[in-house]
Amino acid sequence: MIAAQAKLVYHLNKYYNEKCHSRKAAISKTIREVCKVVSDVLKEVEVQEPRFISSLSEMDNRFEGLEVISPTEFEVVLYLNQMGVFNFVDDGSLPGCAVLKLSDGRKRSMSLWVEFITASGYLSARKIRSRFQTLVAQAVDKCSYRDVVKMVADTSEVKLRIRDRYVVQITPAFKCTGIWPRSAAHWPLPHIPWPGPNRVAEVKAEGFNLLSKECYSLNGKQSSAESDAWVLQFAEAENRLLLGGCRKKCLSVLKALRDRHLELPGQPLNNYHMKTLVSYECEKHPRESDWDENCLGDRLNGILLQLISCLQCRRCPHYFLPNLDMFQGKPHSALENAAKQTWRLAREILTNPKSLEKL
């Protein structure tokens, strides 16, 4: 048994050093190319409208606010200034969303975003995004990369297609630190020893973002109040959770496997599903020793089996907001197909670790 486990870990490490490293290098190169274009577009936006200041900056070889959705799809979060006069209201009525309400009606004129405030005093995510979309469309025509970049039509999101190869969504957002949403107040679960109190404090200090984008939990049935709502996102907090042991290595392997074998019709699975399942696996295996390098194979198998279970049940709860189902709106046939593909993959890796050389 131990010999089989060691063999699997050996092949997984080889896979990580070859396939995952080359994937990372290729994506890093793409990110540089994409960020040059996005920065140029945002510079033009800023000239027209100084309230939308580009927050895309490079720190320690990574771009602040950039998320990789797949090797050809990215999201850039554009942090807006001055949320000050608004209260964050998170009453759970919109899973995964919250609203920003004027703390005092008399402060309306003090807000930097006065014309985007609704009659009932909410700062409208939809109105800000609509204005931003108009500005980006104008900037695309003026920027120095206008020959290689165009707006993606038929969406209320702000999406750019670059060199007909890459899609980048630019999402206006507010960064919220020093508060933690009520809809995530159950976390951490009292009966689970992971993460320890120090890590919990670090994660909560990272806070969360409020994004102006369509919320998939409201798919197609948005009232005007709902389209004014902002989507909760915990990217930095989640990254902080996955520090230590082989957690990040495990996620890298899962992302590479997804890119190569689970990029399927209907797009049932993305990297974020993988990240979420690694967090759940950490709860199931709370001891640090469970994440030693020699446990990499066991953890990977556990996550692939959990993924199959989620796909078969057609439900994948968000890690911090379990009322939010991340498979909402995905075609059932796409989820069934993904379950079969994941099962084939898991069986192949478990029964024949050497097959990773070809996967």
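**Notebook: a predicted chain**

I began with the charges, and I found 51 positive and 41 negative side chains in the protein chain, with the centres of the two sets 2 Å apart. I note here that I am reading a predicted model.

*Overall build.* I looked up the secondary structure next, and the protein chain has nine helices and eleven strands. The radius of gyration is 21 Å, close to the 21 Å that the globule rule gives for 359 residues, so I may call the chain as compact as a globular protein of that length. Along its principal axes the C-alpha trace spans about 70 × 50 × 40 Å. I then checked burial, and buried residues make up 50% of the 359 residues, while the chain exposes about 16800 Å², of which carbon and sulfur atoms supply 51%. When I took the contacts between residues at least 6 apart in sequence, 69% of them turned out to join residues at least 24 apart.

*The cores.* Which residues touch the most other members of the largest nonpolar core? Among its 103 residues they are Leu123 and Phe320, and helix α1, which covers residues 2–48, gives the most to this core, with 14 residues. A second, separate core has ten residues, among them Tyr79, Cys97, Leu211 and Cys215.

*His261.* I looked for His261 and found it in helix α6, which runs over residues 247–261.

*Backbone exceptions.* Most residues other than glycine have a negative phi, and most peptide bonds are trans. Against that background I noted the bond from Trp187 to Pro188, which is cis with omega near 0°, and the bond from Trp194 to Pro195, which is cis with omega near -10°. Pro188 is in the loop between β9 and α3, and Pro195 is placed in the loop between β9 and α3 too. Asp154, in the loop between β7 and β8, has a positive phi of about 55° and is exposed, with a relative accessible area of 84%. Asp164 lies in the loop between β8 and β9; its phi is near 55°, and at 58% relative accessibility Asp164 counts as exposed.

Technical notes. Residues are numbered from 1 along each chain as its sequence is written. This is a predicted model: local features need pLDDT of at least 70, side-chain atom pairs count only at pLDDT 80 or more; totals for chains, interfaces and linings use all residues. Side-chain values use heavy atoms; hydrogens and water are left out. Helices (H or I, at least four residues) and strands (E, at least two) are DSSP runs, numbered from the N terminus. The radius of gyration is taken over C-alpha atoms; the globule rule is 2.2 Å times the number of residues to the power 0.38. Buried means under 20% relative accessible area, exposed over 50%, partly exposed in between (1.4 Å probe, protein chains only). Contact means heavy atoms within 4.5 Å. Accessible areas come from the Shrake-Rupley method with a 1.4 Å probe; for residues, only the protein chains shown count as cover. Lys and Arg count as positive and Asp and Glu as negative; His and the chain ends are not counted. The place of a charge is taken as NZ of Lys, CZ of Arg, CG of Asp or CD of Glu. A nonpolar core is a set of buried Ala, Val, Leu, Ile, Met, Phe, Trp, Tyr and Cys residues joined through side-chain atoms within 4.5 Å.
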